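Student: Can we walk through this model together? I'd like to go site by site.

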Amino acid sequence: MAGSGQSTATLRLKVGNLDIAHPITVPNAAVPATEVLPALQGLVNAVVGATEADLTISCRKGCAACCRHLVPISRTEGEALLALVDAMPKERRKAVRARFASAEAQITAAGLAEPAGRGDQEMSLAYFALRLACPFLEDESCSIHPDRPLVCREHLVTSPAALCSGLAQEGVTPAPVPKLSLAAQRLQDEDGSWFALAMLMAWNRKPRPPARRRSGTEWVQRFLKNLSR
Ligand code: SF4
């Protein structure tokens, strides 16, 4: 269905044990990948909702141990979050940027600004040991909840919440949410490259090629191709 410069279609996906039918609306024009992110966020929300329907999820507002983990984000999500910060009122933007600067300084001082030969698991554990709150965490709640990264949406647990604070994550049982974020991560960078959310401002200081523009349908096709890999 097309109209108003947008197209809507119902995506029918089989992911994990789930059969998902979800309508998504994307722009017809050639746009940066960030423009289709809201559609993918809605799709991930639908997959998470279908997964948790049969489970007892322990996660609650104000329980934010997971917001001290390394949150891997892609260029697309990074660019969307930069725009979100830029659009904040001046005082709030200043406070958020100050938290990013503080986080970056602590990560750099700990020698975790680059993987330096560490595997993903080793890097994640070393990062979690810093107990560094996400710069978007306020009063132990996500201050950008509607715009939070895809991996934040996908991370839910069924084990007691108290276990999530343990350094080794012993006994933590993640809900089996299919990781659509991995397909979204390859929208612009086909190698699936990522960086830690807390290093967003540092990442933005590095040069990168101009963002490609494609129609919304083309971006969704790329996402679906990545999903089928
Ligand atoms: S973006 Fe929000 S949900 Fe994700 S780690 Fe940061 S505070 Fe937590």
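Student: What should I know about the source?

Tutor: This is a predicted model: local features need pLDDT of at least 70, side-chain atom pairs count only at pLDDT 80 or more, and totals for chains, interfaces and linings use all residues. Residues are numbered from 1 along each chain as its sequence is written, and side-chain values use heavy atoms, with hydrogens and water left out.

Student: Which residues surround the ligand?

Tutor: Cys67, Val71, Cys134, Phe136, Leu137, Cys142, Pro149, Cys152 and Leu197.

Student: How does the shell split by class?

Tutor: Nine nonpolar, no polar and no charged residues. Ala, Val, Leu, Ile, Met, Phe, Trp, Tyr, Cys and Pro count as nonpolar, Asp, Glu, Lys and Arg as charged, and the others, Gly among them, as polar.

Student: New topic. Is glutamate 77 buried or exposed?

Tutor: Glutamate 77 counts as buried because its relative accessibility is 7%. Buried means under 20% relative accessible area, exposed over 50%, partly exposed in between (1.4 Å probe, protein chains only).

Student: What does glutamate 77 touch?

Tutor: Leu37, Pro149 and Leu150, leaving aside residues up to four places away in sequence. Contact means heavy atoms within 4.5 Å. A polar atom of the glutamate 77 side chain lies 2.9 Å from the backbone nitrogen of leucine 150.

Student: How far is glutamate 77 from leucine 37?

Tutor: Their C-alpha atoms are 7.7 Å apart, though 40 residues separate them along the chain.

Student: Now the voids. How many cavities are there of 30 Å³ or more?

Tutor: Two. On a 1 Å grid over the protein atoms alone, a cavity is a set of points where a 1.4 Å probe fits but cannot get out; lining residues have an atom within 4 Å of a point. Points are joined across faces, edges and corners, and a volume is the space filled by probe spheres set on them.

Student: What lines the largest cavity?

Tutor: Pro72, Ile73, Ser74, Glu77, Leu150, Val151, Ser181, Ala184 and Gln185. The cavity holds about 40 Å³. Its lining has five nonpolar, three polar and one charged.

Student: And the second largest cavity?

Tutor: Its volume is about 40 Å³.

Technical notes:
A residue is near a molecule or strand if one of its heavy atoms lies within 4 Å of it. A polar contact is a pair of N or O atoms within 3.5 Å; within protein, one must be able to donate a hydrogen and the other to accept it, and residues adjacent in sequence count only if both atoms are side-chain atoms. On a 1 Å grid over the protein atoms alone, a cavity is a set of points where a 1.4 Å probe fits but cannot get out, and a pocket is an open set with protein on both sides within 12 Å along at least five of seven lines; lining residues have an atom within 4 Å of a point.
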